Amino acid sequence: MFEQLSGAQERYQAINDRLMDPNVVSDPKQYAELMKEYKNLTPIVEKYCEYKKATEDMEEAKMMLEEGGLDKDFRELIEEQYETSKKDIEVISEQLKILLIPKDPNDDKNVIVEIRGGAGGDEAALFANSLYRMYSMYAESQGWKIEVLNANPTELGGYKEISFSINGDGAYSKFKFESGVHRVQRVPETETQGRIHTSTVTVAVLPEVDDVEVEINPKDLQIDTYRSGGAGGQHVNKTESAIRITHLPTGTVVECQDERSQYKNKDKAMKILRSRIYEKQREQEEKIASERKLQVGAGDRAERIRTYNYPQGRVTDHRIGLTLYKLEQILNGDLTELFDALNTFDQAEKLKESSGSTGGEN
């Protein structure tokens, strides 16, 4: 571990020197890449400096105690300094282990979120709208930009499916654990007997990628146009502006009809297509596939990562055994506690795997 930390500190200083080089400053791409690496290394180096300072303090106190000749009060003060520094070293060591866990390369990316109604018909579609609202309110609280890419609304105000992008620094790091089946238990507005219904909604979270990361051959695409349809079957417009793109090698199909412009719909559809193909490529990699514990299921009631129980006002994340009795706040976008808990759990699991692979050695 300490070889890694020493190497990180050397790299940090080297980048700092390069960032002052006029040739680097005048090269926006190189400067941006170095700044990103510098930003990622900063918390590690700062924590390592804290560790070294605590170690120096402990060694200094130990030396003074071993030399002796101290009066009672001063000795007690030095003993206290020694114990405090020792505890600080233990705490900082654990924090450094977490900071050294390899970072997901997609964490800083924007995301594409796809929400689909599963079991439950109209009630599932209504809850799909509730989740879209929840995620939108959280994104807005972070100052992030939201753009609807495709939507298939229902007459009752729900969504059979809705896809949207969230643009913001670290968006994927927050949303990546939302992929899976979300279950809702509540009394539908249309239910006259007051019975609680259970419905499901599937959520898929994809990192947004560009042309460089995923190369798509235009010859591999089948592009069809059709008229945009709204809830109830009425046409949103009379021109064939809706786009359906099929990626023939993978069989991936993307539709987009949100815009009146065929060009804009095609652009949005390609954005979704790139992210879906990128995700398929990731899942084929054994390492990432084994780490991704939160997959989108078929929408069956038995498959779930989280339950939203309206009668009891609670939200339960079944993967980490967390129950919060703040349903209304969560549905209004207060997701910080939930996201932090999932991130902490993920870090702990990775730390266990890291300790196991190294036999617990630093």
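This is a predicted model: local features need pLDDT of at least 70, side-chain atom pairs count only at pLDDT 80 or more; totals for chains, interfaces and linings use all residues.

Me: How many helices and strands does the protein chain have, and what share of its 362 residues count as buried?
Reply: The secondary structure of the protein chain consists of ten helices and eleven strands. Residues 24 or more positions apart account for 62% of its contacts with a separation of 6 or more. Among the 362 residues, the share that count as buried is 41%.

Me: At which residue in α3 does the kink lie?
Reply: Helix α3, which covers residues 28-67, has 40 residues and reaches 56 Å from its first C-alpha to its last, close to the 58 Å expected at 1.5 Å a residue. After the helix comes glycine 68, whose phi is positive, near 75°. The kink, of about 35°, is placed shortly before proline 43, at leucine 41.

Me: Which element supplies the largest share of the largest nonpolar core?
Reply: This core has 33 residues, and those touching the most other members are Val113, Ile115, Leu131, Tyr135, Ile166 and Phe175. Several elements each supply at least two of its residues, among them β1 (111-117), β3 (159-167), β5 (197-207) and α10 (336-358). The largest share, eight residues, comes from α5.

Me: Which residues does valine 113 touch, not counting those up to four places away in sequence?
Reply: Valine 113 is one of the residues that touch the most other members of the largest nonpolar core. With residues up to four places away in sequence not counted, its partners are Tyr135, Ile162, Ser163, Phe164, Ile166, Phe175, Val203, Ala204 and Val205.

Me: Is aspartate 317 buried or exposed?
Reply: Aspartate 317 is found in strand β10, which spans residues 314-317. Leaving aside neighbours within four places in sequence, aspartate 317 is in contact with Ile305, Arg306, Leu322, Leu338 and Leu342. Because its relative accessibility is 0%, and the cut-off is under 20%, aspartate 317 counts as buried.

Me: What is the count of disulfides?
Reply: A disulfide is a covalent bond between the sulfur atoms of two cysteines. Cysteine 49 counts as partly exposed at 37% relative accessibility, whereas cysteine 256 is buried, with a relative accessible area of 0%. With a cut-off of 2.5 Å between cysteine sulfur atoms, the count of disulfides comes to zero.

Methods
Residues are numbered from 1 along each chain as its sequence is written. Side-chain values use heavy atoms; hydrogens and water are left out. Helices (H or I, at least four residues) and strands (E, at least two) are DSSP runs, numbered from the N terminus. The expected span of a helix is 1.5 Å times one less than its number of residues. The bend at a residue is the angle between axes fitted to the seven residues ending there and the seven starting there. A nonpolar core is a set of buried Ala, Val, Leu, Ile, Met, Phe, Trp, Tyr and Cys residues joined through side-chain atoms within 4.5 Å. Buried means under 20% relative accessible area, exposed over 50%, partly exposed in between (1.4 Å probe, protein chains only). Contact means heavy atoms within 4.5 Å.
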